[in-house]
Amino acid sequence: MAPMARHHCPALLALLGGLRATAPSLPTGRGTSMMSGRLPRMRHPRGGWAQQECLPSGRSGGAAFALPAAVGGQDGHLGKHGLVATRAAPSSTGPSSGPFSTMAGGSIAASAFAALALLQQAARSKVVRRARGIREEKHYTYERKWWSVEETRDPTTLPIWQRDFRYGFQVLKRTMVEQRKKGNKVFWDCRVIESKDEGCRIEMLNSGLLGWCPISQEGADGARLAVGDVVRMECTACPQKRVNSEKKNSPWPQEKRRFRAEPLFSHWNWIEQQNSIEKAKELKSGEIVEGTVFKHIGKGVIVTLEGKNAPKGMLAMMDISRKTSARSWVTKMFPPGTKIKCYVVHADTQNGRITLSTKEFEDDDHVGWMLSFPERCFKRAEEAVARYHEKRQRYIEMLQR
């Protein structure tokens, strides 16, 4: 019997002890040959092996019965039992007969079958199954998580207190991070739910997250958005988790939060992108276009190009001159409203990104003139660009040799 069965079945141990006391001469182990009076092993219906014991001719013995035995002699496998046929102790007065011997044999057989039933029950117990590595599903400890429940309702139809703002912030922030790594802009479908003098409050249609759109970002030429309008907007700023976190010893919900940081959106960026896409379809790389300085930003200068709806292009700080330029000097030489000429480096018709440059107007003999004499460079821009293209073509041919 397995050690675990001995530990958890004291009644079975007592029963088997009584059997051994009643029949001290019971044979143990398996037979080795037919000459010793044992028949070959028989397949047990539950997967074990059974051995049938027979007495040689001329010998008498007690009543035969069966005892369970572990298959293969391994005590660790309690679920696979065999039956070992054995017999009671031989009678000292000759062949057993009479009602007393019949009752004794019947009680021993009944005890053996009871012991087999107890062993089978012990083999199916939870302790033994865990010892054999069988994992059972714990129905009473299963907990349905919120992410395992599919949400099919429109989040904008739910009350504010039922909306999952955590999910909305996670989707917004992770999408912004991944797309900005690729240099792409992401625009969201938003609905205006409230209009104020400083701007309008909006809600995202995909998650129901609330946001704010300043009045300067609602539209071009001071156009305002009406309540109920569904427009495309770009998220320009998203607060981090620590901004809206509660205090360490906050008496919530008695303490009313006076201000809660919300993500900022811009509908004006969507309008500008559409205008830039239309302009990018008209431009080709290598052209010279005229524009006006619109605004200075950290990366460079935003230039307003000629055309319908005033499309914008980007003149990076590193593309102004072949010589390293200081930001303060560029701001002084090219204030907003200055008329300039630009070289089209690339025009993307997918996202409307127009990349401009002016360093092609300088040659090897006039490096840095865009920072000191930009009007002279603009005057001979066509000649400088032709020389630049010729020089670039010779360099490409040299690499292809």
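Visitor: In which loop is Asn309 found?

Guide: This is a predicted model, and in it Asn309 is found in the loop between strand 11 (300-305) and strand 12. Ala310 lies in the loop between strand 11 and strand 12 as well.

Visitor: What is the phi of Asn309, and how should I read it?

Guide: Most residues other than glycine have a negative phi. Asn309 has a positive phi of about 65° although it is not a glycine, and Ala310, also a residue other than glycine, has a positive phi near 50°.

Visitor: Is Asn309 buried or exposed, or does it fall in between?

Guide: Its relative accessibility is 42%, so Asn309 counts as partly exposed; Ala310, with a relative accessible area of 29%, is partly exposed.

Visitor: Let us turn to the pockets. How much space lies in the largest pocket, and how many residues line it?

Guide: About 1200 Å³ of space lies in the largest pocket, and the lining is made up of 35 residues, of which Lys185, Glu234, Ile297, Met314 and Arg353 lie nearest the centre. By residue class, the lining divides into 14 nonpolar, 12 polar and nine charged residues.

Visitor: Which helix gives the most to the lining of the largest pocket?

Guide: Helix 6 does, with five residues. Among the other elements that each supply at least two residues are helix 5 (165-181), strand 8 (230-237) and strand 10 (288-296).

Visitor: How many salt bridges does the count come to?

Guide: The count comes to 18 salt bridges, taking a side-chain nitrogen of Lys or Arg within 4 Å of a carboxyl oxygen of Asp or Glu. One of them is formed by the side chains of Asp189 and Arg232, at 3.0 Å from N to O. Asp189 lies in strand 5 (residues 187-195) and Arg232 in strand 8, so this pair ties together parts that are 43 residues apart in sequence. Asp189, at 36% relative accessibility, counts as partly exposed, and Arg232, at 30%, counts as partly exposed too.

Visitor: Which residue forms a salt bridge with Arg201?

Guide: Glu262 does, the closest N and O atoms being 2.6 Å apart. The pair links distant parts of the chain, since Glu262 is in the loop between strand 8 and strand 9 while Arg201 is in strand 6 (residues 199-204), 61 residues apart. Glu262 counts as partly exposed at 24% relative accessibility, whereas Arg201, at 19%, counts as buried.

Visitor: Where do Asp363 and Arg387 lie, the two residues whose side chains meet in a salt bridge?

Guide: Their side chains meet at 3.6 Å, N to O. Asp363 is in the loop between strand 14 and helix 8 (369-372), and Arg387 is in helix 10 (residues 381-399), 24 residues apart. Asp363 counts as buried at 14% relative accessibility, while Arg387 is partly exposed, with a relative accessible area of 35%.

How values were computed: Residues numbered from 1 in each chain as written. Predicted model: local features only at pLDDT ≥ 70, side-chain atom pairs only at ≥ 80, totals over all residues. Heavy atoms only, no water. 1 Å grid on protein atoms, 1.4 Å probe; cavity = no way out; pocket = protein on both sides within 12 Å on 5 of 7 lines; lining within 4 Å. Points joined across faces, edges and corners; volume = space filled by probe spheres on them. Helix = DSSP H or I, 4+ residues; strand = E, 2+ residues; numbered from the N terminus. Nonpolar A, V, L, I, M, F, W, Y, C, P; charged D, E, K, R; others polar. Buried < 20%, exposed > 50% of the residue type's maximum accessible area, 1.4 Å probe, protein only.
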